[in-house]
Amino acid sequence: MKKWLFMAMLFLQKLSFSQDPCLPTYQLPAKQQPISNGIQVGYVEAGQGKTVLLLHGLGGNLSHWLPVMKAMATSYHVIALDFPGYGASDKVLPDTTKDAIQFYADAVSQFIQQKGLMNVVLAGHSMGGQVAMVTALQSPELVSHLVLVAPAGLETFSQQEGALLIGASQPAVFEKQEEAAIRSSFKMNFYELPGESEVLVQDRLRLKSCPDFKIYTQVVSAGVNGMLAHPVKSELKNIKQPTLILFGENDALIPNPYLHPHLTKEALVKEATALLPQSKVVMVGKAGHLLPFEKPTLVSQAINEFLK
């Protein structure tokens, strides 16, 4: 009888966790893995085989990778992770002794080690791509391959440009965003807005009424500061892992269209691949910035071909 009651309570705890309206809509049960300082990192996993670890971008969560995860789980052990402060992870701000990118890279390294994983394929989208590069540089023994999808970190900004970006991404800016601005922001991530993206929009709209919303706005702002504070371009030559770079031909966010209107994706990628010892580039047609969600089949096919 006691065993039955314990199992029932455990089930109800899991059920309430999965139905928490302040958590994003995930198609798989979210788990948590403790890392340093007792921080719990949220993640979902599926499949067996070589591990592919997926990292989301600024302001997002692991749901952005779920369509790719579904396609790849038939051949790989795929894990999609929420950075601390996002999604199913503990709502904490980056450690004040380090920038956000370093904080997340440390969290990824600790997660890999705590899970007992080896030689993972580390795939990052946007800010997650910058985190993936820093992780590979600082803990090369943990990472066998890199996949950088519309990665941040390849584009550099002057001090004046950085100040403009920081000023435009203060927590108050995100706090004041109404539905029209949120929808417009999501639309900029796509070449053609997919109907499935409404789930992402609704998750973001619900977040506005959640107790941790102010922390979320601070986390996003800290992420912008971190990306500017931790450039990786000068270190690309030290990345030894085979690297796949994917960009949407119609990416409207990278390069920055306002600060660098004459810089093309092709020029940005050409400069990066000249520095990366082992790299391959795939440009995806009719695709915007949020490639893993907009073109999951093409992204998963490109990764599968890269890993053969």
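A word on the ground rules. This is a predicted model, where local features need pLDDT of at least 70, side-chain atom pairs count only at pLDDT 80 or more, and totals for chains, interfaces and linings use all residues. Residues are numbered from 1 along each chain as its sequence is written, and side-chain values use heavy atoms, with hydrogens and water left out.

Let's start with the sheet. Helices (H or I, at least four residues) and strands (E, at least two) are DSSP runs numbered from the N terminus, and two strands pair if DSSP finds at least two bridges between them. Here we have an open sheet of 8 strands with mixed pairing, in the order β1-β2-β4-β3-β5-β6-β7-β8. At the edges sit β1 (31-34) and β8 (279-284), each pairing on one side only. On average, neighbouring strands are turned by 25° against each other, direction ignored; the axes behind such angles are lines fitted to C-alpha atoms, for helices over the stretch in contact, and angles run from 0 to 180 degrees between N-to-C directions.

Now, how many residues of strand β5 are buried? It is 6 of the 6, residues 120-125, so β5 is largely enclosed by the rest of the structure. Buried means under 20% relative accessible area, exposed over 50%, and partly exposed in between, with a 1.4 Å probe and protein chains only. Both faces are covered: V120, L122 and G124 on one side, V121, A123 and H125 on the other.

Who are the partners of β5? Strand β3 (residues 51-55) pairs with β5 in the parallel sense over 4 bridges, and L53 has L122 as its bridge partner.

Helix α3 (residues 100-114) lies across β1, β2 (40-46), β3, β4 (77-81) and β5, at about 150° to β3.

Finally, the aromatics. Rings of Phe, Tyr and Trp (its six-membered ring) pair if their centres lie within 6.5 Å; planes under 30 degrees apart count as stacked, over 60 as edge-to-face, and the rest as tilted. That rule gives 6 aromatic pairs. One of them, F103 with Y104, is tilted, at 5.7 Å centre to centre and 50° between the planes. F83, F103 and Y104 form one aromatic cluster.

Notes:
Contact = heavy atoms within 4.5 Å.
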